[in-house]
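Visitor: I have not seen this structure before. Could you take me through it?

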Amino acid sequence: MSTAPPPYPNPAATALAAITTVSQRMAVRSGRRRRPAGPVERTLQVEVRAVRRPCPDVAVLDLVPITSAPLPGWGPGAHVDVELPSGLLRQYSLCGDPADRSAYRIAVRAVPGGAGSAEVHALTPGARLRLRGPRNAFPLATAPSYLFLAGGIGITPIAPMVRAAHAAGLPWRLVHTGRDLASMPLSGELAALAPDRVVRRPDDGGVPRPEQLLSGVDADAAVYCCGPPPMIEAVRRALPAAQRFHSERFSPPPIRDGRPFTVRIVGGPEVTVPADRSALDAVREIRPEVPYSCRQGFCGTCHVRLVAGTTTIDPTRPDPAGPGRTALCVGRAEGDGVTVDLGR
Ligand code: FES
């Protein structure tokens, strides 16, 4: 994959390039594979300045620094790790204006039984939080035009992308799906930019087929999709192989062709990992204190030392934790089992 910056054939593309960062441009050239974002150790102290609820189960929080220093810059698609008061770590996309270094904005849907989202919804102005990041595993690449697809709260990384494409004067279209209009945040505000380019499509008329979502997409458009895994997979399968497609899911990737294996914990018991579950899930049944965040391999929270054995995600993808370590959330033993040191 080339890492040279793409040519910017017109002023609009140049404007978009100013919004995306150099590192993003290097990371995302066209194509279906992207480089995972590495861990960011930078820690930020912020305070909740305001909370609003555009939907009954969605809280939008504005987070401001506790010092006078501006917050680190970011680009569309970036997220932060949020350390919640209980110590839980959760990742949320930044959905505000990247040009505003005085505040970050996140929008969080309350998930039934979700400890992290429940804590976020209990936050009030004045609460202090620690953040790590921002980092970007879903950056916006330059393209002649864009089709943005968002499922439910998947609108959060997409919203700054829409604003960036619009500000750059590039052609774009947004399709936002959801349970019903009352549960679909942010896209109503985006429709104010260009009402004829935003389709808000509640599922009460039936879950849209991928051909409907992709209707009229230009062959050279970049398609950005964030939503539940079935939506992403359906869109991916429906697109021609040459179409530029970028996606971000907000749940763990499906395990394909998994085999059971054993995790021996140094100083602890042996755990059997079933074919359809992750080592993280299996280990947390007996060691629920083992931390995690992204469940997709890239945040580093669940990376631990491998004492014996080797792991990969699958035969074609290495373990993102690197040599001598494993990401419990996605790594699977190459043989019958591995030994890990949970002391990290
Ligand atoms: S939870 Fe993020 S790398 Fe495993």
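Guide: A contact here means heavy atoms within 4.5 Å. The model is predicted.

Visitor: Among contacts between residues at least 6 apart in sequence, what percentage join residues at least 24 apart?
Guide: The count takes in contacts in the protein between residues at least 6 apart in sequence. Of these, the share that joins residues at least 24 apart is 64%.

Visitor: What percentage of the residues in the protein are buried?
Guide: Buried means under 20% relative accessible area. The protein has 344 residues, and the buried part of them comes to 51%.

Visitor: Which element gives the most to the largest nonpolar core?
Guide: This core has 32 residues, and Y146, F148, I158, W172, L174 and Y224 touch the most other members. Elements that give two or more residues include β7 (146-151), α4 (155-167) and β8 (172-178). With 7 residues, the top contributor to this core is α4.

Visitor: Where does this core lie, and why?
Guide: Residues come to this core from domain 1 (43-135) and also from domain 2 (138-249). The core therefore lies between domain 1 and domain 2.

Conventions. Residues are numbered from 1 along each chain as its sequence is written. This is a predicted model: local features need pLDDT of at least 70, side-chain atom pairs count only at pLDDT 80 or more; totals for chains, interfaces and linings use all residues. Side-chain values use heavy atoms; hydrogens and water are left out. A nonpolar core is a set of buried Ala, Val, Leu, Ile, Met, Phe, Trp, Tyr and Cys residues joined through side-chain atoms within 4.5 Å. Buried means under 20% relative accessible area, exposed over 50%, partly exposed in between (1.4 Å probe, protein chains only). Helices (H or I, at least four residues) and strands (E, at least two) are DSSP runs, numbered from the N terminus. Domain bounds come from an automatic or database domain assignment.
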